[in-house]
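Below is a briefing on side-chain contacts and packing.

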Amino acid sequence: MTRFRAIGGRWHVSLRVRVVLATAVAVIALDAVGGALAIRAVENEFLDEARTMAENRAQELAQIASVAPLPTILPAQDEGEVVAQVVQDDVIISSTAGATQQIAQFPHMTPGASQMFEVGTVPGGGDGPFQAAVVGVETLSGPATVFVAVSTEDLDDVVGRAMTAGGVGLVMMVVPISILLWLAVGRALAAVEAIRGRAERITAARLSDRVPEPTRMDEIGRLARTINAMLARLDASASEQKRFLADAAHELRSPVTSLRAQLETMRGSTTPDTGQVADLLTETIRLQTLVDQLLLLARSDAGTVGRLSEPVDLDDVVSAVVTARRTEPGGTAVRVDTTRVQPVQVTGESGILEQVVRNLLDNALRYAHQAVHIGLTVSGANAVLTVDDDGPGIPPEARAEVFHRFTRLDTARDRDAGGVGLGLAIVKGIVTELGGSVRVTDSPYGGARFQVNLPVNAPSVAR
C-alpha cells in the first residue's frame, strides 16, 4: 500500500501512516503529561520529607537545649542532616562538624517561634539547595536559635533517574503499540484497498462485477454491501435502459417502415387513394403519440415531471379527459361512469395529470366490454383515483410487469388493441415523481382496477 503519494503537486500521507503517527503522538503526549505529574509528585514528596526531617531535628535540639547544655560538636544524624547550629548572641555555641561559620541568612527567632524556608548554599554543607528549619528556644544560659539544614541535592539525581526510566518505558510502550497498530490498520485497510481496486476496474460495460465483501458485518463490511447494492441498482438501470432503447427502436421502425412503403406507392400514382391517405394519417398519429410518450418518459427519468407544482382540481381534469374522449371522431362505444368522482385538489401540473388520467382511461377503454367506472375521493392525506373496467382483468403474477415499458401480456390485454406499451409506464413514472403510488387489483366489475394515490393539496370542497 502506498504510504506517500503525490496528488495535484502535493504529497499526501496514507491513512495507515496517519493513524499510527497520531496514535504514537497521543501516547507520547499522554505519557509525558503523566510522567510530568509523577515527577512533580516525587519532587513534592522528597521536599516534604526534607522539611519534616529538618523541622524534627531542630525541635529535638531545641528541646535538649532547653533542659541541658548541648555539646560543642553535635553528632551527625545517620541520614538527611547536613548542617546544625545553635547560635546565641551571634555566637555559635554548638554545631555539626565543619559548620563553624555562622549562617548569616538564618534569621534569629524568639523562644517558641519557628520557620521553614529554602536556601541555596550553607557554609560547610556542600552542594545544595537546602530545606532549612529555624526554631527559637530558651536555654539555661538564655535565648538561642537552632538552625538545621537538610540538603536536597539528591533530588536532581532522583528526577534524572525517573526521567530516564520513563523515557525507556515510553519507548518500550510506543514501539510495540505502533507495530501492532500498523499491522492491525494494514489488515483492516487491506479490505478497503481490495474494494477500491475492484471498484476502479468496474466500468459501464462491467456493471455486473461486484466488490469483495468481508465476512464481518463491521463498517467496512457494510460499506462493501452498500457499494454492491448501488452497483446492482446501476446494473438494473443500465439493463432497463438497454431494453428500452431496443424496444423503442423496434416500435419506431414499424410506423416509419409503413409510412415509407405507402408513400413510395403513392409516388407512382397520379390520384391519391383516400383509404391510403387515412392509413398514412393513422400511422403518423401513432408515430407522434409514440414520440410524445418517449419524451414524457425522458422527462420522468430526468426528474423534471414534478418541477412545476400548482394547485390542480383533479376532478376537473377527469371531467375534461372523459369529455375529450367522448367527443373525438368515432367516439367510444364503451360507457364511462363518473358518478363517483368527488371534488379533490392536488398539487402538480395539470397537463401532466391529464396524461395520467388519459392513459388510465385509454387502457380501460381498450379492454372494457361495456363500461368503465372512474372514482375519485379523499382518504386521509391522499387523493384516491380509481379506474375500473369489466374486461379480462390482469393475473396477479403480471400486475407488476404491466408498469414496465413496452410490456406485452399473453392475454387479451396486449398491444394488438392499439397501445404501444408505454402508457402505464408513464403513469408509474409521473405518479412516483409527484410523491404518490399506483397499483392494480381486481375490479368489482370483473376486470382490472388501477388505483392512484396522490397527496392532497387542500381539503375537499363541495361545489
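The structure holds 13 salt bridges, a salt bridge being a side-chain nitrogen of Lys or Arg within 4 Å of a carboxyl oxygen of Asp or Glu. The model is predicted: local features need pLDDT of at least 70, side-chain atom pairs count only at pLDDT 80 or more, and totals for chains, interfaces and linings use all residues. Residues are numbered from 1 along each chain as its sequence is written, and side-chain values use heavy atoms, with hydrogens and water left out.

**Salt bridges**

- Asp 362 forms a salt bridge with Arg 325, with 2.6 Å between the closest N and O atoms. This pair links distant parts of the chain, since Asp 362 is in helix α6 and Arg 325 in helix α5, 37 residues apart. Helices (H or I, at least four residues) and strands (E, at least two) are DSSP runs, numbered from the N terminus.
- Arg 325 is buried, at a relative accessible area of 16%. Buried means under 20% relative accessible area, exposed over 50%, and partly exposed in between (1.4 Å probe, protein chains only).
- Asp 388 and Arg 449 meet through their side chains in a salt bridge of 2.7 Å, N to O. Asp 388 belongs to strand β13 and Arg 449 to strand β15, 61 residues apart, so that distant parts of the chain are linked. Both Asp 388 and Arg 449 are buried.
- Glu 219 and Arg 222 form a salt bridge at 3.9 Å, N to O. Both lie in helix α3 (residues 219-267), three residues apart, about one turn of the helix. Glu 219 is exposed, with a relative accessible area of 59%, while Arg 222 is partly exposed, at 41%.
- A network of salt bridges links Glu 193, Arg 196 and Glu 200.

**Aromatic rings**

- The count comes to one aromatic pair. Rings of Phe, Tyr and Trp (its six-membered ring) pair if their centres lie within 6.5 Å; planes under 30 degrees apart count as stacked, over 60 as edge-to-face and the rest as tilted.
- The ring centres of Phe 403 and Phe 450 are 6.1 Å apart and the planes stand at 85°, so the pair is edge-to-face. Phe 403 is in the loop between β13 and α7 and Phe 450 in strand β15, 47 residues apart. Both Phe 403 and Phe 450 are buried.
- Lys 428 lies over the face of Phe 403, 5.8 Å from the ring centre. The rule for a charge over a ring is NZ of Lys or CZ of Arg within 6 Å of the ring centre and within 35 degrees of the ring normal.

**Nonpolar cores**

- The largest nonpolar core has 42 residues, and those with the most contacts inside it include Leu 353, Leu 360, Val 372 and Phe 450. A nonpolar core is a set of buried Ala, Val, Leu, Ile, Met, Phe, Trp, Tyr and Cys residues joined through side-chain atoms within 4.5 Å.
- Among the elements giving two or more residues to this core are α5 (314-327), α6 (350-367) and β15 (448-458). The largest share, eight residues, comes from α6.
- Another core lies apart from it, with 17 residues, including Leu 70 and Val 148.

**Helix α5**

- The buried residues of α5 are Leu 314, Asp 315, Val 317, Val 318, Val 321, Val 322 and Arg 325. Seen down the helix axis, they fall within an arc of 160°, so they line one face of α5. The arc is that of the directions from the helix axis to the C-beta atoms.
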